[in-house]
Amino acid sequence: MNNAKYSLISQFNLLESKISQLNLLIAKQTTINAAVFRLPDTIKGDENSEINEIIVNKITGQEAIKAAIAHFSLLFIHDKSDVISNKSAIRLPGAICIETPYSTYIAFQTLLDEINSLKLQIKQIVTKLSGVDESQRFEFIHSSLHGLLTLNTYRALTYLVDVDTVRFGWANKKVINKTTKEKILNKLQAILENGRKPQGMDNKYWVGQIEQEILLISKLSHNAVLKTQRPVKVQPIARVWDKDQQKQTQFACANPLIIFAVEKSLDDILIGTLPDYHVDVIALRNRPRSKPVELLISRLNLYIEQ
């Protein structure tokens with residue numbers, strides 16, 4: 001594990017250096033515009049509150065460029081306000097559009113590819129090379145890099161070249177993953193053995209609950225189709241249209257997209273606006289038909305296919 005910790009710190013220091021280089025290169029550009037959309041902060045204690053409305057604050061020009069640069073560098077809890085939740089994702093949707101010669105674009109591309117490679121390596125160190133299971137990852141990360149914002153660190157920076165339009169919207173979805181009886185039993189046994197319990201819950205009651213869950217799963221058929229079905233809070237997306245390819249691509253938009261105008265000018269690329277979110281307005285598009293499921297363990301969002 002010590003080697004993994006050393007690798008984590010080493011790769012992270014390199015990531016910080018590369019992000020600083022990227023931010024300096026962005027700041028040097030003269031033919032550039034940007035629009036980012038600041039979202040309301042999630043205050044500590046409000047993480048699980050239902051979201052019915054999100055009012056967007058649009059920022060443009062130099063202020064937007066500065067906000068994007070600050071967001072790319074936001075990798076630690078202590079870099080943000082103490083009242084903001086540490087459990088909720090920090091998002092800054094939007095786009096930076098840079099008109100640049102091909103040689104400068106190649107410099108950006110090289111730097112961005114290095115940054116995204118480092119982000120992936122850091123995630124692999126934490127999830128694979130560390131040798132720790134999922135329940136121990138938090139301790140592994142924060143004993144090496146205290147206060148690290150893992151989602152911000154893992155998220156790749158998306159860059160695109162000579163697209164035609166970038167429009168923004170909102171998406172509601174569920175994350176559904178198939179699992180197995182054996183994996184769930186191993187997870188429950190690990191919870192039972194590590195001795196941790198939710199804050200404020202009686203230890204005897206907690207142990208009894210886990211034992212009941214183990215008994216419930218043990219009685220299932222070995223061939224039972226189990227799924228975790230976790231709702232994800234509404235999130236901003238970008239829809240990018242490329243006329244030459246006659247193709248629209250949708251991206252999650254937690255970070256500003258970086259758009260390069262190499263053979264085009266800034267005026268050729270349309271950057272849209274992210275509207276306010278209202279729960280009653282979101283349309284559900286192309287929702288696939290799924291097999292009926294029955295809830296088994298609500299705490300784990302665990303379902304069995306009927």
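## Helices H3 and H4

Let's start with a helix pair: the axes of helix H3 (residues 102-129) and helix H4 (residues 137-144) come within 10 Å and cross at roughly 130°. That angle makes H3 oblique to H4, since angles over 145 would be needed to count as roughly antiparallel. The crossing of H3 past H4 is right-handed. Keep in mind as you look at it that this is a predicted model.

Which residues make the contact? On the H3 side they are Ile125, Val126 and Thr127, and on the H4 side Arg137, Phe140 and Ile141.

## The five-stranded sheet

Turning to the strands, you will find an open sheet of five, ordered E3-E1-E4-E9-E5, in which the pairing is mixed. Strand E3 (57-60) and strand E5 (159-161) stand at the edges; each has a single partner strand, so one side of each is left without a neighbour in the sheet. From one strand to the next, the twist averages 15°.

The pairing of E3 is worth a visit. Strand E1 (residues 32-38) and E3 run antiparallel and are joined by four bridges. Here Arg38 stands opposite Asn57 in E3.

## A helix across the sheet

Helix H2 (residues 61-72) brings helix and sheet together. H2 lies across E1, E3, strand E4 (94-99) and strand E9 (257-261). Relative to E1, H2 runs at about 65°.

Note on methods. Residues are numbered from 1 along each chain as its sequence is written. This is a predicted model: local features need pLDDT of at least 70, side-chain atom pairs count only at pLDDT 80 or more; totals for chains, interfaces and linings use all residues. Side-chain values use heavy atoms; hydrogens and water are left out. Axes are lines fitted to C-alpha atoms, for helices over the stretch in contact, and angles run from 0 to 180 degrees between N-to-C directions. Helices (H or I, at least four residues) and strands (E, at least two) are DSSP runs, numbered from the N terminus. Angles under 35 degrees count as roughly parallel, over 145 as roughly antiparallel, 65 to 115 as roughly perpendicular and the rest as oblique. A crossing is left-handed if the near helix is turned anticlockwise from the far one by less than a right angle, and right-handed if clockwise. Contact means heavy atoms within 4.5 Å. Two strands pair if DSSP finds at least two bridges between them.
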